[in-house]
Amino acid sequence: MAEAFDSGLEDFSARQAYNRRASRFIVLVFFLFFLLIGAAVDFLYFDFSTPGGPGLPIATPIALATAAAIALMAFYSGSELILSSLGAERLDLTLPEQRELQNIVNEMALASGLPMPKTYVVYDPSPNAFATGRDEHHAALCVTSGLLVLLDREETQGVVAHELAHIRGRDTRLMLIVSVLLGGVVLLSDWAQRSFYSSRTRDRVAGRGALLAIPLLLLIIVSPIFSRLLAMAVSRQREYLADATGAEYTRNPLGLAHALEKIRDAAMPLTRAGRGTAHLFLVSPLSRRIDEKEGAFADLLSTHPPLARRIMLLYRMAGLQKKTGS
Amino acid sequence: MGWVVLAVLAAAVLWVVVSYNALVTLRNAIQNAWKQIDVQLKRRHDLIPNLVETVRGYMKYEQQTLEKVMEARSRAVTSTSVKDSAAAENALTQSLGRIFALMENYPDLKADDNVLRLQEELTTTENQITFARQYYNDLVMRYNTKQEVFPGNLVASFFDFKPGEFFAVAETDKGVPRVDLSLPA
């Protein structure tokens, strides 16, 4: 990861391009998924393929329209949705801690050359932070009150720099699309499951034979796992990158390293964060058992890289910095 | 055969336009970053008299230090040339650091909400100056690199782009240890 720290500002356009491709891919998969489900419903329940059924597909256009509506909502008001679902509030500048946070965000906005993001706080003792928003002009940064209590100025600065690095690399847009579309997929598979088990349609499905029912069942079962893995795949490498970029803004990798150490020792689950939003956060807001392990299986299931490794890499960056004298 | 030549020509023109625009965009970003530094310096100049007035009552034995800060401030405000102002601002940074260090000796001061607020305001302004300069230098580095590497240098020299100037930290400033406010009083 030392390379990422050295490689300078020119990388942002490459990362943004990569994220754009990933976003497009996810949206495409999302639409295909809705198309499949719509088509499955048409063929299985509405007897679209038989001469006695309706002449036009019904469920397919409805499913596609739903997909389009969800995708548009994800893009334009997804960040408000996420913020309100977590109970985020605007900063109260009469409190010294929050005024300090506002100042730190201002400092890091200057260091990164980004416009000042809207800053929010979640009143929760669990120390954590996240950033969201479709681009740098509509970005929001959110920290918990527990983080402000736990960390000193330098450490908070490291955390804020990490979050701004996510905004700068357009990670937040991808993550936004992932979390809202993920929520949509989970919702839809629940709905498909209910209609699958409802008595009205069961006899008809049974009559159609197992050949068509099995793919649909698989879809229902696999969809949450599939979307979950998707969210994880796009999340872990990004954390290392954001750590490195954040250190580039503060020129002080130890700030974030100390912050992560403190957070690790004080970690407790964030009550309002669900599976749909876990990947947004600085450190995993869910149970931290997996985060502490390394290895192929843990890598596959965790939304975040192991904290110990992130801290080690930050310390190494600090060492490199001393040697090169920058 | 003709359309191949035409396509190559069109690509070349397009490339010149793109690189020219990239250079102009960067140049404007650098100017904007420079203005950001000025904004922060102005803010610091406005904050310092407030701080000095607020702490004067507490710091009976440090009147000289306070006077020095005010002097450094007025020199920084009145200096016109870039070089003078850089030197004056650096002197101001140092004298401010001294006040912050001395404030640790006055427990009453640290209990005063007003002082704490001013101290936080000044700390963030100092940091903002540092980070604005850092960003400015990062931009200048990108701008200069773009002008020097081949084939960008052809466009840069043809349109007469000048390399940007780095914001250098004064030699005397480098040896000054950072003021650590967390030290025990």
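Predicted model: local features only at pLDDT ≥ 70, side-chain atom pairs only at ≥ 80, totals over all residues.
Helices here are DSSP runs of H or I at least four residues long, numbered from the N terminus.

**Stop 1: a glutamate in chain B.** Select Glu126(B), which you'll find in helix H5 of chain B. Buried or exposed? Buried counts as under 20% relative accessible area, and Glu126(B) comes out at 15%, so it is buried. Now show its neighbours: leaving aside residues up to four places away in sequence, Glu126(B) touches Arg44(B), Thr93(B) and Leu96(B).

**Stop 2: the interface.** Bring up both chains. The size of an interface is often given as the accessible area lost when the parts come together. Here, the area buried between chain B and chain A is about 1600 Å², and carbon and sulfur atoms give 48% of it.

Next, the polar side of things. There are nine residue pairs in polar contact between chain B and chain A, both residues of each pair being at pLDDT 80 or more.

Two salt bridges turn up across the interface of chain B and chain A. For one of them, select Glu120(B) and Arg153(A): their closest N and O atoms are 2.9 Å apart.

**Stop 3: the sheet in chain A.** Look for an open sheet of four strands in chain A, ordered E1-E2-E4-E3, with mixed pairing. Its edge strands are E1 (89-90) and E3, each pairing on one side only.

Zoom in on E3(A), residues 129-132, and E4(A), residues 140-144: the two run antiparallel and are joined by four bridges. Then move along to Thr132(A), which stands opposite Ala140(A) in E4(A).

What covers its faces, or are they open? Both faces are covered: Ala129(A) and Ala131(A) lie on one side, Phe130(A) and Thr132(A) on the other, and all of these are buried.

Notes. Residues numbered from 1 in each chain as written. Chains lettered and ligands numbered in written order. Heavy atoms only, no water. Buried area = accessible area lost by both parts, 1.4 Å probe. Salt bridge = Lys/Arg side-chain N within 4 Å of Asp/Glu carboxyl O. Polar contact = N/O pair within 3.5 Å; in protein donor to acceptor, adjacent residues only side chain to side chain. Buried < 20%, exposed > 50% of the residue type's maximum accessible area, 1.4 Å probe, protein only. Pairing = 2+ DSSP bridges. Contact = heavy atoms within 4.5 Å.
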